[in-house]
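This report examines selected local features of one protein model. The sequence and coordinates are shown first.

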Amino acid sequence: MKIMIKNGTIVTSVDEIRADLLIENEKIAAIGSSLEIQADEVVDAEGLYVLPGGVDQHTHFNFTFKTATVRGFETSNAALAGGTTTIVDFANQEMGKSLKESIDKYNENKVAPKAMCDYSFHGVVFDANDSLFEEIPKLPEFGVPTLKLFMAYKGMPYHCDDAAVFKALQASKEAGVTIMVHAENADIIDVLQKQCLARGEVDPIYHAVSRPPIVETECTQRAISLAEAADAPLFVVHVTAKGAMEAVRDAYSRGIPAFGETCTHYLVLDTENLAKPDFEGAKYVCSPALRSKNHRDALWAAVQKGWLKCVSSDHCGFNWAEQKHLGKGDFRSIPNGAPGLQDRLQVLWTNGVETGKISRQRFVDLWATAPAKICGLFPQKGTLAVGSDADIVLFDASDRGLISVSDTFHGVDYNSYEGMEFIGKPKKVYLRGQLTFEDGNFLGKEGQGRFIKGKPFGLCYENS
Ligand code: DUC
Ligand code: ZN
Ligand code: ZN
């Protein structure tokens, strides 16, 4: 089956051309102007941008916070609805189990039967014992070249101390594994949370008060020092504070392989969302916390200049009605996380490209190409090139409207960007050459998503 996409404007991270694109056997078979190749189907993309399917390298399906667990891969068609064709999900280690056992079990039981988009995994450390550090160099053998450690969340099973982070960094380098950290100073947060509670400060806004920017900046600086000491690359997930971003930027310019991402919500939402009355602020409780507007401006400068490499969703969809309300009367028990997988394209395009903050090329890099490189999926994923998977979005940049929970597939009872104006909508989304989303309708089925093995020595090893 050959599909020819004609007359579209093909956008990659480096250029933009008006050309035709041929799909054959799940792959991009040709790109060129006025291709004279016979196809079974011709799709007219006149007036549309042809974008690579998005790669969202930061999602938390099935994530548990205290007693609340988010939705699973039965809602992964939300990715496709938002033009994201590959996600990299955080697969938690089970206590007492190896990373491989934990990831295999997660994939078999919860992911493979339900996935509607393609997917890959990061490991997440829960049990930092000696065998973990021995296993780290073997991660690439089963297609998982990235591993996350939580430096935040004192008292939670997944909290890792500096020794664990340092040892993981030491174990990672030779095998080309990328260590990722959630960088917030767990002790300061713990003290500030208790002090807030003692003063009767229990509302969602105190989530931000007890996690001020300095807790992120300090921990990011410390993580960079640990990486420097271990002489290994480091990737800092969800950078939100100006100081943390500057720490990553300045370390990199000193020759230390320190990299980071930010997330959609940190670019457009702020602490005012957390201050919303009637417990609405709980919808925006995620960690790190939303920041004030000056941090937002710094993050935009960082994504524009390439100091931060990509924009992820950190999708973690707890319901507001039952799950977020577990923290009514104590913000510490509000499950941390917010949905956003489907919205990443529209929010970044509308607020980035349409305002002139970033070019279309930069958009593609932040949204697809760089995350594919970080996770070792490039060039199979994240670009439009001959031989790459035919993951393609036909994007209508003239479509306008308002973001609404009623149009989202997250399976969550609210949308973080409710009522926000969007410019542009995916009209057709192809997953490995299969039309899987069209004009708001999902055309695929559960289980169609495929596990894509990541290769080691991703983007963070660029100068090694
Ligand atoms: N932060 C969140 O907000 N949700 C999931 C995990 C995390 O670190
Ligand atoms: Zn995190
Ligand atoms: Zn996260």
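The model is predicted: local features need pLDDT of at least 70, side-chain atom pairs count only at pLDDT 80 or more, and totals for chains, interfaces and linings use all residues. Residues are numbered from 1 along each chain as its sequence is written, chains are lettered from A and ligands numbered from 1 in written order, and side-chain values use heavy atoms, without hydrogens and water.

**Helix packing**

Two packed helices are described by the angle between their axes and the distance between the axes. Helices (H or I, at least four residues) and strands (E, at least two) are DSSP runs, numbered from the N terminus. Axes are lines fitted to C-alpha atoms, for helices over the stretch in contact, and angles run from 0 to 180 degrees between N-to-C directions.

The axes of α7 (residues 213–230) and α8 (residues 242–253) come within 7 Å and cross at roughly 20 degrees. The two helices are therefore roughly parallel, a term for angles under 35 degrees, with over 145 roughly antiparallel, 65 to 115 roughly perpendicular and the rest oblique. The crossing of α7 and α8 is right-handed, that is, the near helix is turned clockwise from the far one by less than a right angle. On the α7 side, Glu216, Thr217, Thr220, Gln221 and Ile224 meet Gly243, Ala244, Ala247, Val248 and Ala251 of α8; contact means heavy atoms within 4.5 Å. By class, the contact of α7 with α8 has five nonpolar, four polar and one charged residues. Here Ala, Val, Leu, Ile, Met, Phe, Trp, Tyr, Cys and Pro count as nonpolar, Asp, Glu, Lys and Arg as charged, and the others, Gly among them, as polar.

Helix α7 also packs with α4 (residues 162–172), at an angle of about 40 degrees and with the axes 9 Å apart. α4 and α7 are therefore oblique to each other, and their crossing is right-handed. Asp162, Val165, Phe166, Leu169 and Gln170 of α4 make this contact with Arg222, Leu226, Ala227, Ala229 and Ala230 of α7. The contact of α4 with α7 has seven nonpolar, one polar and two charged residues.

**Helix α11**

The 13 residues of α11 should span 18 Å at 1.5 Å a residue, and the 19 Å between its end C-alpha atoms agrees; the expected span is 1.5 Å times one less than the number of residues. Buried residues (under 20% relative accessible area; exposed is over 50%, partly exposed in between; 1.4 Å probe, protein chains only) in α11 include Trp300, Leu299 and His295. Just after α11, glycine 306 has a positive phi of about 90 degrees.

**Phenylalanine 437**

Phenylalanine 437 lies in strand β18 and is buried, at 3% relative accessible area. Its C-alpha atom is 6.4 Å from that of alanine 81, 356 residues away along the chain. Beyond neighbours within four places in sequence, the contacts of phenylalanine 437 include Asn77, Leu80, Phe409 and Phe442.

**Backbone geometry**

| Bond | Omega |
|---|---|
| serine 287 to proline 288 | near -5 degrees |
| phenylalanine 378 to proline 379 | near 5 degrees |

Proline 288 is in the loop between α10 (271–274) and α11 (293–305), and proline 379 in the loop between α13 (360–374) and β16 (392–402).

Asparagine 7, in strand β1 (residues 2–11), has a positive phi near 70 degrees and is partly exposed at 27%. Arginine 432, in the loop between β17 (421–431) and β18 (434–438), has a positive phi near 45 degrees and is buried at 9% relative accessibility.
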